[in-house]
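User: I'm new to this one and would like to go through it step by step. Could you show it to me first, and then I'll ask my questions?

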Amino acid sequence: MIVMYTRLLIGGRWSDSADEKRFDVVNPATGDVIAQVASAAPADALEACDSAATAQPGWAAKSPRERSEILMDCHEVLIEHSQEIADLITNENGKPQADALGEVAYAAEFLRWNAEEAARLHGSFGVSPAGDKRMIVRHPPVGVVLMITPWNFPAAMITRKAAPALAAGNTVVIKPAKDTPLTALLVGKLLGDAGVPAGVINIVPTYSAGEWFEAAVAHRAVRMVSFTGSTGVGRTLLRHSADRVLKTTMELGGNAPFIVFADADLDATVEGAMIAKMRHSAQTCTAANRFFVETPIYHEFVERFSETMKTVTLGNGFDPDVTCGPLINAAAVARVDDLVDKALQDGAKRIIGHGRSDEKGFFYDPTVLVDVDVPSAITEHEIFGPVAPIIPFSDADRMIEAANSTEMGLIAYVYTQDLARGLGVAESLEAGMVGVNRAAVSDAAAPFGGMKQSGLGREGASEGLYEFCETQYIAANW
Ligand code: SIN
């Protein structure tokens with residue numbers, strides 16, 4: 001039996017929403033409603049901010065070692081409850097159990113990394129060049145942070161933001177995605193069990209994100225907004241945050257090029273291409289969106305990659321044979337289908353794939369497209385589904401220009417056995433992260449984030465911790 005928490009977590013207590021509204025949570029593999037969760041009203045958002053504001057001075061006053069030990073206990077508790085969390089992830093997100101368990105380990109790792117970092121959050125001390133004063137630089141916490149997290153990693157995107165925020169002495173108010181609030185509520189409960197004091201983490205799902213955010217962002221104590229999601233929503237949140245000159249971190253959309261040179265090790269490349277495209281049911285912002293393959297190996301790559309895509313087993317993530325779950329909802333299926341239809345109308349050829357499925361649930365068949373126009377809708381938009389457009393190239397400079405000719409710049413992949421070329425191309429790509437002969441790039445110890453309209457700031461690594469800090473400079477004489 002899967003235990004589900006379906007009320008708001010504010011100040012360490014469960015409560016219904018002020019207007020007693022609830023919304024449905026649907027299992028995307030079946031289309032069935034699995035729970036009804038309290039939908040926070042603006043009044044609840046404000047109460048959560050009050051609670052975070054009340055808890056913040058006490059949390060910040062704990063020694064770094066105390067915060068570190070609590071976060072380490074949180075890591076242990078998440079690991080102990082891996083299966084329970086993974087079950088909830090598969091239920092509401094649809095990803096296969098192996099991916100869900102992988103996500104829990106990834107989520108827990110942010111707690112461990114930041115537990116270790118909490119005790120090493122240092123400033124600096126020096127003497128001014130003129131020798132007239134001592135210069136002390138310290139990094140106090142920002143205060144209360146609003147966090148808006150996505151449905152594609154319902155556990156890991158909570159801890160990737162909350163762990164560094166807590167390590168630095170902040171308190172948080174989290175609005176998880178309306179498609180996946182159950183995992184967030186369970187994680188919140190477990191972190192409380194592990195010793196995070198009441199009010200330090202508040203979790204307030206809502207169906208009415210706009211009015212929730214407008215109320216919360218205006219709360220006097222809120223000093224920062226951290227968001228993961230689409231670039232469009234990110235722009236709106238940035239506009240609201242600008243009115244109060246709030247600090248922000250934004251993890252926004254991607255449009256990753258996956259570049260294959262003729263000298264690449266084809267076995268490793270196809271394996272990497274599958275990871276970069278299909279990881280977590282092809283719904284990651286790091287997913288390969290456009291494949292650029294050098295002409296001498298283009299046909300062989302298309303054939304071998306298509307054959308491997310055919311081995312993907314689509315279905316309910318609880319079935320151990322399934323390697324790709326459903327898309328998150330019906331709108332996601334319609335969007336992917338529309339991009340593929342447009343590409344086909346423009347002359348693209350479908351090598352494999354049968355489009356959307358008639359089965360219950362929100363499934364889309366793994367699809368490989370060739371003869372795709374560049375640029376076109378499918379190369380300009382983040383697909384967020386199991387569709388791979390493959391484009392041949394013969395001139396590396398023009399290919400790099402095409403790879404960079406997008407407003408997105410989250411991640412890129414380069415496959416070649418010539419490491420000097422791989423690193424040279426990596427440096428010329430306008431992307432915050434590059435995988436060279438490597439498709440799984442994310443790591444709690446690495447700075448995750450994008451250039452251009454893919455985002456602002458970084459998550460993970462020590463960069464991710466300092467995002468949640470202010471910088472204070474003290475000039476002193478003695
Ligand atoms: C994302 O898709 O938003 C995160 C992917 C990752 O952390 O690897």
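**A first walk through the model**

Analyst: Let's start with A282, which is buried, with a relative accessible area of 0%. Keep in mind that this is a predicted model.

User: Where is A282 placed, and what is its phi near?

Analyst: A282 belongs to helix 9, which covers residues 266-282. Most residues other than glycine have a negative phi. A282 isn't a glycine, yet its phi is positive, near 65 degrees.

User: Is D371 buried, partly exposed or exposed?

Analyst: D371 is in the loop between strand 15 and helix 12, and it has a positive phi of about 55 degrees despite not being a glycine. Buried means under 20% relative accessible area and exposed means over 50%. D371 comes in at 47% relative accessibility, so it counts as partly exposed.

User: Which residue does a cis peptide bond join to V374?

Analyst: Look in the loop between strand 15 (367-370) and helix 12 (377-380), where P375 is found. Most peptide bonds are trans. Here omega is about 0 degrees, and the cis bond joins V374 to P375.

User: In the hairpin of strand 3 and strand 4, which residue takes a positive phi?

Analyst: Go to the hairpin, which has 6 residues between the strands. The phi there is near 80 degrees, and the residue that takes it is G31.

User: Which residues are around the ligand?

Analyst: The ligand takes up the space of the largest pocket. Around it are Y106, N152, F153, M157, R160, R279, T284, C285, S442 and F448.

User: How many Å is a polar side-chain atom of S442 from an oxygen atom of the ligand?

Analyst: A few side chains are worth checking here. For Y106, an N or O atom of the side chain is 2.6 Å from a ligand oxygen, and for R160 the value is 2.9 Å. For a polar side-chain atom of S442, the distance to an oxygen atom of the ligand is 2.5 Å.

User: How far apart in space are A396 and A445?

Analyst: A396 is in helix 13 (residues 396-404), and at 27% relative accessibility it counts as partly exposed. A396 and A445 are 49 residues apart in sequence. From C-alpha to C-alpha, the distance is 32 Å.

Conventions
Residues numbered from 1 in each chain as written. Predicted model: local features only at pLDDT ≥ 70, side-chain atom pairs only at ≥ 80, totals over all residues. Heavy atoms only, no water. Pairing = 2+ DSSP bridges. Helix = DSSP H or I, 4+ residues; strand = E, 2+ residues; numbered from the N terminus. Buried < 20%, exposed > 50% of the residue type's maximum accessible area, 1.4 Å probe, protein only. Near = heavy atom within 4 Å. Polar contact = N/O pair within 3.5 Å; in protein donor to acceptor, adjacent residues only side chain to side chain. 1 Å grid on protein atoms, 1.4 Å probe; cavity = no way out; pocket = protein on both sides within 12 Å on 5 of 7 lines; lining within 4 Å. Sits in = over half its atoms within 2 Å of the grid points.
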